[in-house]
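Please look over the sequence and the model, then read the notes below.

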Amino acid sequence: MITPHELFSLLSDETRLRCLVLLQKEGKLCVCEISQIMESIQPKVSRHLALMRQSGLVSDERRGQWVYYSLNPLLPAWAKRIIESALENLKKEEPYKSDMKKMHS
């Protein structure tokens, strides 16, 4: 399972934070949806999601050719509290606020 060092290391990157905010808000998203919302190339987003999956921060589900990501429901309680607190504050800031608007437009 994820260690505190791994969690803080993963949270130190804006691309990964943006992905987490979107996943927290929406539940499950595929790489193509995240790439479109963030206006980023799919390989970059996929690489960051793969790092988060390898650490146990997110889980993935394959549906045909699409891979959907979500926050790992088996995260330890301490990690969930840190993520929830950070994301609660981030969703009011840019670029996270704009990402969430794009998700529902």
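The notes that follow cover salt bridges and one histidine. The model is predicted, and the count of salt bridges in it comes to 6. Side chains of opposite charge can pair when their charged atoms come close.

**A link between distant parts of the chain**
- Glu39 and Lys102 form a salt bridge, with their closest N and O atoms 3.4 Å apart.
- This pair links distant parts of the chain, 63 residues apart: Glu39 is in the loop between helix H3 (31-38) and H4, while Lys102 is in helix H6 (residues 96-103).
- Glu39 counts as exposed because its relative accessibility, 65%, is over 50%.
- Lys102 counts as partly exposed, at 32% relative accessibility.

**A network of salt bridges**
- Salt bridges link Lys28, Glu61 and Arg63 in a network.
- Within this group, the side chains of Glu61 and Arg63 meet at 3.1 Å, N to O.
- Glu61 is partly exposed, with a relative accessible area of 30%.
- Arg63 is also partly exposed, with a relative accessible area of 41%.

**The pair Glu88 and Lys91**
- A salt bridge joins Glu88 to Lys91, and the closest N and O atoms are 3.4 Å apart.
- Glu88 counts as partly exposed at 40% relative accessibility, and Lys91 counts as partly exposed at 34%.

**His48**
- His48 is part of helix H4 (residues 42-55).
- With a relative accessible area of 5%, which is under 20%, His48 is therefore buried.
- Leaving aside neighbours within four places in sequence, His48 is in contact with Asp13, Thr15 and Arg16.

Notes: Residues are numbered from 1 along each chain as its sequence is written. This is a predicted model: local features need pLDDT of at least 70, side-chain atom pairs count only at pLDDT 80 or more; totals for chains, interfaces and linings use all residues. Side-chain values use heavy atoms; hydrogens and water are left out. Helices (H or I, at least four residues) and strands (E, at least two) are DSSP runs, numbered from the N terminus. Buried means under 20% relative accessible area, exposed over 50%, partly exposed in between (1.4 Å probe, protein chains only). Contact means heavy atoms within 4.5 Å. A salt bridge is a side-chain nitrogen of Lys or Arg within 4 Å of a carboxyl oxygen of Asp or Glu.
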